[in-house]
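Open the model in your viewer and keep the sequence panel beside it. This tour goes stop by stop: select, look, move on.

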Amino acid sequence: MSVAHGTIAGMTLIDERLVHEAAVRYGVPGPVAQELMARSRPCLYLVPHEDVPSSLRESVRPAARTGGLPALPDGVDWPEGREPLVLSVDCAALPRDVLDIELPADGHLLFFTEIEYPPESSAVLHVPAGARTTERAATYEWNGEVMRARVYEPRTLYPVAGLTFDSESPEGPQTSAFLDGDGAEEALESLEEAVLDAACGGHRPGVCVQIGGFSDPWDMAPDEGGLVLLAQLAGQAIDYQVFTMNLIVGTREDLATRQYVGLQYEQQC
């Protein structure tokens, strides 16, 4: 139990030729399009089936669930603080060779955190494949009183490969020169949107859970200074009435070695 910038290798999410063809359509020079792709990173969106692009809907398979009760191995209790289970990810069901961060190849990642108020304590647990588990009850005793942990409605989520851009990185020299021209900013924004939609096979999801990639924060980006995004959870993706953004970041080394105790949690609203 465990508590890089640069062009995507092989352009697995979207063919580079398509990017340059789109650049021609929007009047963006090829070198500018190349600089745009150089500050991209892949991600996975986890969305309800109705939000999966129609071109992928027939072949997509479930890979995660919001809410519900945690199934934990014998001897492992609900994490301290009793923050709700907001997300369970079936690692074996995620598309392979998409992300540039290392996740377990199998088993389940369970995310416990508070989405309505800034979390005081949070945890990510990896439950190995084949482990004997028991679903934990929502009720527990504290100081002689019976308490109940918050349980969100379970909803099945499906993975959609996507692309993200680093909005915080400085513009390359070709891009800076291009943006001096009239209408250049609008053309570049249109190209970015077209590329992001194409990478998803249709239309980029709005409210969703995002695994990996660059964060899309409402405030300062927490994935900087050697930290990368593990997950970004829009409150409405868990509960339609919650308008927050929860971000979980850590080092690449901690993610690769499943040292999830060192993860950092931030809520923006």
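## Stop 1: a glutamate in a loop

Select Glu83, which is placed in the loop between β3 (71-73) and β4 (85-90). Keep in mind that this is a predicted model. Is Glu83 buried or exposed? Glu83 is buried, yet has no salt bridge. The nearest side chain of opposite charge belongs to Arg82, 8.6 Å away.

Now show Ser121. The side chains of Glu83 and Ser121 make a polar contact at 2.9 Å. Next, display the surroundings. Leaving aside neighbours within four places in sequence, Glu83 is in contact with Trp78, Phe112, Thr113, Glu114, Glu120 and Ser121.

## Stop 2: salt bridges

How many salt bridges does the structure hold? There are nine.

Begin with Arg17 and Glu21. Their salt bridge has its closest N and O atoms 2.7 Å apart. Both residues belong to helix α1 (residues 16-25), and because they are four residues apart there, about one helical turn separates them. As a rule, an α-helix has 3.6 residues a turn, so residues three or four places apart point the same way. Colour by accessibility: Glu21 counts as partly exposed, at 36% relative accessibility.

Jump to Arg150 and Asp239. They form a salt bridge too, with 3.3 Å between the closest N and O atoms. Arg150 lies in the loop between β9 (145-148) and β10 (155-165), while Asp239 lies in the loop between α5 (235-238) and β13 (245-251), so the pair ties together parts that are 89 residues apart in sequence.

Third, select Glu193 and Arg204. In this salt bridge the closest N and O atoms are 3.3 Å apart. Glu193 is in helix α4 (residues 184-199) and Arg204 is in the loop between α4 and β11 (209-211), so parts 11 residues apart in sequence are tied together. Glu193 is partly exposed, with a relative accessible area of 39%. Arg204 is partly exposed as well, at 23%.

Now bring up Arg41, Asp100 and Arg252. Salt bridges that share partners join these residues into one network.

## Stop 3: charges over rings

The charged end of Arg41 sits over the ring of Phe214, 5.2 Å from the ring centre. Then select Arg155 with Tyr240. Here the charged end of Arg155 sits over the ring of Tyr240, at 4.0 Å from its centre.

## Stop 4: the buried residues of a helix

Select helix α2 (residues 30-38). Which of its residues are buried? Val32, Ala33, Glu35, Leu36 and Met37 are. Now show what lies over them. The cover for the buried residues of α2 includes α1, β1 (40-47), β10, α3 (173-178) and α4.

## Stop 5: a valine in a strand

Move to strand β1 and pick Val47. Val47 is buried, with a relative accessible area of 0%. Leave aside the neighbours within four places in sequence and display the rest of its contacts. Val47 is in contact with Val52, Thr156, Leu157, Tyr158, Val160, Pro205 and Cys208.

Draw a distance line from Val47 to Val124. The two are 77 residues apart in sequence and 20 Å apart in space, C-alpha to C-alpha.

## Stop 6

Finish with the backbone. Most residues other than glycine have a negative phi. Two places to look at run against that rule.

Select Asp97 in the loop between β4 and β5 (108-112). Its phi is positive, about 55 degrees, although Asp97 is not a glycine. Is Asp97 buried or exposed? Asp97 is exposed, with a relative accessible area of 70%.

Last, select Arg258. This residue lies in the loop between α6 (252-256) and β14 (264-268). Arg258 has a positive phi of about 60 degrees, and Arg258 is not a glycine either. Its relative accessible area is 30%, so Arg258 counts as partly exposed.

Technical notes:
Residues numbered from 1 in each chain as written. Predicted model: local features only at pLDDT ≥ 70, side-chain atom pairs only at ≥ 80, totals over all residues. Heavy atoms only, no water. Lys NZ or Arg CZ within 6 Å of the ring centre and 35° of its normal. Helix = DSSP H or I, 4+ residues; strand = E, 2+ residues; numbered from the N terminus. Buried < 20%, exposed > 50% of the residue type's maximum accessible area, 1.4 Å probe, protein only. Lys, Arg positive; Asp, Glu negative; His and termini not counted. Salt bridge = Lys/Arg side-chain N within 4 Å of Asp/Glu carboxyl O. Polar contact = N/O pair within 3.5 Å; in protein donor to acceptor, adjacent residues only side chain to side chain. Contact = heavy atoms within 4.5 Å.
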